[in-house]
Every structure is written in structure tokens, then in C-alpha cells.
Amino acid sequence: MEALKKKFADKALPLYQELRSIAKTNGDLKADEVKLSQVLGGARGIKMMLWETSQLDPQKGIRFRGFSIPEIKESLPSGPQGEPKPEGLFWLMLTGEIPTEEEVDGLTKEWHKRADLPAQVYTTLDSLPADTHPMTQLTIGVMAMQSDSIFSRRYAEGLPKNEYWDAVYEDSMNLIARLPRVAAYIYRRTFKDAQHIEPDTSLDYSANFAHMLGSDDEDFRSLMRLYLTIHADHEGGNASAHTVNLVGSTLSDPYLAFSAGMNALAGPLHGLANQEVIKWIFEMIDNLGTKTPSEEQIKQYVQQTLDEGKVIPGYGHAVLREPDPRFVAQRRFAEQYIQDSDLISTVWKIFDVVPPILQSLGKVKNPWPNVDAHSGALLVHYGFSEFSYYTVLFGVSRALGVLAAGIWSRALGMPLERPKSVTSEWVRKQVLQTTK
Ligand code: NMX
Ligand code: MLT
């Protein structure tokens, strides 16, 4: 058994026993109380699932197995310029331990070994019109591999429950290994006249992905390491993770579950916001006729967007109540690696202008920037200006978190997810009962 799989099994199987015993002895303890405002308000804050890989604090932001982003940057094995390798984060999410350089190198090699795509992925993608949205291409590309699922095959052969996690682990490792090839293929066929670039397996996961996209710039490789690390997981309740969890709980295999999650990520209130942000900034620049808008000009454009009944993309969050540490990490990256970019200066000016305006509306719970407010400007700086592609990069990263969590769910014997719904009549009755 490979080292990561063995380490995971050693941790997960005792936890399975412990949680079963907790459910038996303390199952009646309350985890939460639900208010009508939560039922009518997108289930905000309701505790209803187990998610081992990360936890989100409204003020402090994301913690991956207890580690903040600065701590991750400090502790995980990194590339030559010091940005953390996502291989290390995956290891941490599965084991709770910071891996050694050697363990991370071993994982890079393991993913290279598993990265070949079945031929039908290429033919399926090639059959799509070139203007098919890259996120649609991503889910179709993933679905084209589903016939390879080890879980599905073994389940049909009569897989016992205590081996589910093993088959899900194999599928998840294969899928993570293959995603950069699928994603790069989509990018090159859509935007670069199908001039594809062979992988370079001497590189780590992120640098090889950057290479297949078309860049061997050392700074861009570093950005990819950081990008793929910080977008990987945001606890279980976000729309893409929750979708993967829900679909996975039916024992759909990781290909089916992950592609369902990508359809959630493709929505403009979720991962597509990174595309929306840069589109909005370019429209503002066009509209104002300057690449260096003043704060006053930005204020007016923000007001115009709100007056048109639209949201300011990249701002606000369902959980966070402070600037997103993932925004801050990208800003620090820009400060360190990029001098003199009008676009990045504009992103920072928007950060100065937008929060007080959103606060003044009196209804926005979080006026601060989220992860998507910064990423596009960095990608444009390194020559990736095809913004309809950006959410695919988010998706490749998100695979690490949601698939690691899926392995946990099967190892911990999590059942079919099936919460309760109510009708408006039931809601009315609750109100009548308490006001009688
Ligand atoms: N611009 C304008 N209005 C906003 C914004 C914003 N950025 N954020 C929230 N509001 C409004 C929201 O539409 C709602 O209005 P109404 O009552 O008229 O329907 C009101 O403020 C209260 O919303 P909140 O409770 O603050 O936010 P909620 O938890 O419902 O939604 C988001 C969170 C992220 C969906 C919301 O802030 C938003 O639409 N932001 C812009 C899109 C975005 O950046 N999404 C990316 C999130 C990160 N990700 O990658 O997933
Ligand atoms: C995410 O990374 O999934 C987003 O910030 C949305 C969320 O956490 O709800």
C-alpha cells in the first residue's frame, strides 16, 4: 500500500470506531437549533455535516486541519520561491500531518504515474463547439472518464462497505492526477488553436500544469502553487463542496460527485465570480476610458452597478465577516512578485472604495473582498486574460479538498444525506402557534 493511503487508513479507521460510539452514547446531544430565518435564508450557519479537511472561522478565515494560510505557507514543503505545494496540502487534509519533502515528492510522482487520460476524453472534448464554456467542458471531460471508475466497477462486483473508502481513494487519486491534463487540454483547444503541450513529469504538480497551459515562467509557477493551495477547500458547506458531499453520499463515484460539484462552482455567486470580477473591472475601465481610474471614478461606477440592481462581484461572503485571508495572500503575492501593474493597483483601489459603500446599504453582512476579488488580475498579469477559463483553475484546486473529504466520508461510513424540507404552510403554522 502506498505511504499516504496507509497513513490515512491508520488515522481514519480508529476515528470511524470513535464516531460510531459517540453516535450511540451521545447521539441525542444537540449540535444546533434552527431558526425560521435560516430555513428561509439558504441554511446559513446550520451545522449538519462532518467535514474533516478544513474549518472556516467568520473572522479568521480558513484553517486547513488547524493551519491558517500563513502557517501553511510557513510549514508545507514549497517550490523554489517558497510558495507551498498543493501536494502537501492534500497530504495534510488526509492525514492531519505536515508531510516531509520526500513524502510530497513521492505524491508528485504518484500523480504523474496516474495522469494519463483515456482516449475518449480527447475525442469527447474535440466534439464540442469551441465556444462551449470551459466549465461545461470541464464537467463533460470529467464525465467522459467516469467509465474508468474503480469504485463503480468494484461496487457492481459486490464491494463490502468497509472497502468503499479504498476504491474512492483510488478514483480520487486518479482524478486529481488527471485534472491538470484535462484542464490544460480545454485551455489550449479553446484559446490556443489546439496547439497542445506535452506534460513535463520532471516538474511538480503546479509547475507541470503551468507548463501545459503554456507558461514556464518561474513566478507563474509560484502563483499556481499558491493558487492551487488556497482555493482547495473552504469547509463543507460551500455550494461546490456540499454538492460533492451530497452526491457522494448516494455512493455515486468520485467522477460523478466531482462533476456535480463543478456545476455548482460554475455559478456566478460561487466560483464563476472570479470571471465576473475581471469582466466587471474591464467594463469599468472601458466605460471610464482610463486604465488608472481614481477612487472617485470607481465610487461612481460601483454606485452605477448597484443602481442597475447588480451585485459587486468579489465582495461579500456567506460566512466570512473580515477580508478573506485568500484575498490577502494573493495581495501579498502581488506585492512580492509584481511591480507596477495598473490592473492590480485598481484591484487595491476597489478594496479601498467598495466596503464603505456596501456597508452603507445596511443589508450586506460582509462588505469585504473574497478570494475572487484578486485572482483574475494576477492571471491577466501573467498573460492569461481569457477570463471564462478562470473557474476551471478554481475547480482543479477545489478537487483536492472535496475529493480528500469524500475519502474521509466513505472511511467514516457517512450515510446518505437527506435533510428535511418544509412547506410555506408549515412555516405559517409555526408563526401562528407562537403568536397565539
Ligand atoms: N454587492 C451587492 N449586494 C450584495 C453583495 C455585493 N457584493 N453581497 C451581498 N449583497 C446583498 C445580497 O444580494 C442581499 O441582498 P437582498 O437582501 O436584496 O437579496 C443582501 O446583501 C444580504 O446578503 P448577505 O447576507 O450579505 O450575503 P449572502 O450570504 O446572501 O450571499 C454572496 C453571499 C457571496 C452570494 C454575496 O455576498 C454576493 O452575491 N457577492 C457577490 C458575488 C461573489 O463575489 N461571489 C463569490 C463568493 C466566493 N466564492 O468563490 O464562492
Ligand atoms: C468557497 O471557497 O467555496 C467560497 O468562498 C464560498 C463559501 O465558502 O461559501
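## Aromatic pairs

With a relative accessibility of 11%, Y164 counts as buried, a class that covers values under 20% relative accessible area, whereas exposed means over 50% and partly exposed lies in between (1.4 Å probe, protein chains only). The model is predicted, so local features need pLDDT of at least 70 and side-chain atom pairs count only at pLDDT 80 or more, while totals for chains, interfaces and linings use all residues. Side-chain values use heavy atoms, with hydrogens and water left out; residues are numbered from 1 along each chain as its sequence is written, and chains are lettered from A and ligands numbered from 1 in the order in which they are written.

Two rings of Phe, Tyr or Trp (its six-membered ring) pair if their centres lie within 6.5 Å; planes under 30 degrees apart count as stacked, over 60 as edge-to-face, and the rest as tilted. By this rule, the count is 19 aromatic pairs. One of them is the tilted pair of Y155 and Y164, with 6.0 Å from centre to centre and 50 degrees between the planes. Y155 counts as partly exposed because its relative accessibility is 41%. Y187 and F384 also form a tilted pair, at 5.4 Å centre to centre and 50 degrees between the planes. Y187 belongs to helix α9 (residues 164–191) and F384 to the loop between α18 (372–381) and α19, so this pair ties together parts that are 197 residues apart in sequence. Helices (H or I, at least four residues) and strands (E, at least two) are DSSP runs, numbered from the N terminus.

Y187 is buried, with a relative accessible area of 1%, and F384 is likewise buried, at 9%. Both residues are part of one aromatic cluster, which is formed by Y187, F191, F220, Y382, F384 and Y389.

## The site of ligand 1

Around ligand 1 there are 21 residues, of which H270, G314, Y315, K363 and D372 come nearest. A residue is near a molecule or strand if one of its heavy atoms lies within 4 Å of it. By class, this shell divides into twelve nonpolar, five polar and four charged residues. Ala, Val, Leu, Ile, Met, Phe, Trp, Tyr, Cys and Pro count as nonpolar, Asp, Glu, Lys and Arg as charged, and the others, Gly among them, as polar.

A polar side-chain atom of H270 lies 2.7 Å from an oxygen atom of ligand 1. The side chain of K363 also places an N or O atom 2.7 Å from an oxygen atom of this ligand, and a polar backbone atom of G314 is 2.8 Å from an oxygen atom of ligand 1. On its own, ligand 1 has 900 Å² of accessible area, and the protein covers 75% of this. Accessible areas come from the Shrake-Rupley method with a 1.4 Å probe; for residues, only the protein chains shown count as cover.

## The site of ligand 2

H234, N238, H270, H317, R326, F394 and R398 are the residues around ligand 2. By class, they comprise one nonpolar, four polar and two charged residues.

The side chain of H234 has an N or O atom 2.7 Å from an oxygen atom of ligand 2. For the side chain of H317, the distance from an N or O atom to an oxygen atom of ligand 2 is 2.7 Å, and a polar side-chain atom of R326 lies 2.7 Å from an oxygen atom of the ligand. Ligand 2 taken alone exposes 260 Å², of which the protein buries 86%.

T391 is located in helix α19 (residues 390–411) and counts as buried because its relative accessibility is 0%. The side chains of T391 and N274 make a polar contact of 2.9 Å. A polar contact is a pair of N or O atoms within 3.5 Å; within protein, one must be able to donate a hydrogen and the other to accept it, and residues adjacent in sequence count only if both atoms are side-chain atoms. Apart from neighbours within four places in sequence, T391 is in contact (heavy atoms within 4.5 Å) with M135, L265, G271, L272, N274 and Q275.

E417 is placed in the loop between α19 and α20 (424–435) and counts as buried at 15% relative accessibility. E417 and M49 are 368 residues apart in sequence, but their C-alpha atoms are 8.7 Å apart in space. Not counting residues up to four places away in sequence, E417 touches M48, H242, N245, L246 and S249. With N245, the contact includes a polar one between the two side chains, at 2.9 Å.

## Positive phi values

R65 is a residue other than glycine with a positive phi, near 45 degrees. R65 is found in the loop between β2 (61–64) and α3 (69–75), and it counts as partly exposed at 24% relative accessibility.

L251, which is not a glycine, has a positive phi of about 70 degrees. Its position is in the loop between α12 (239–249) and α13 (254–265), and L251 counts as partly exposed at 24% relative accessibility.
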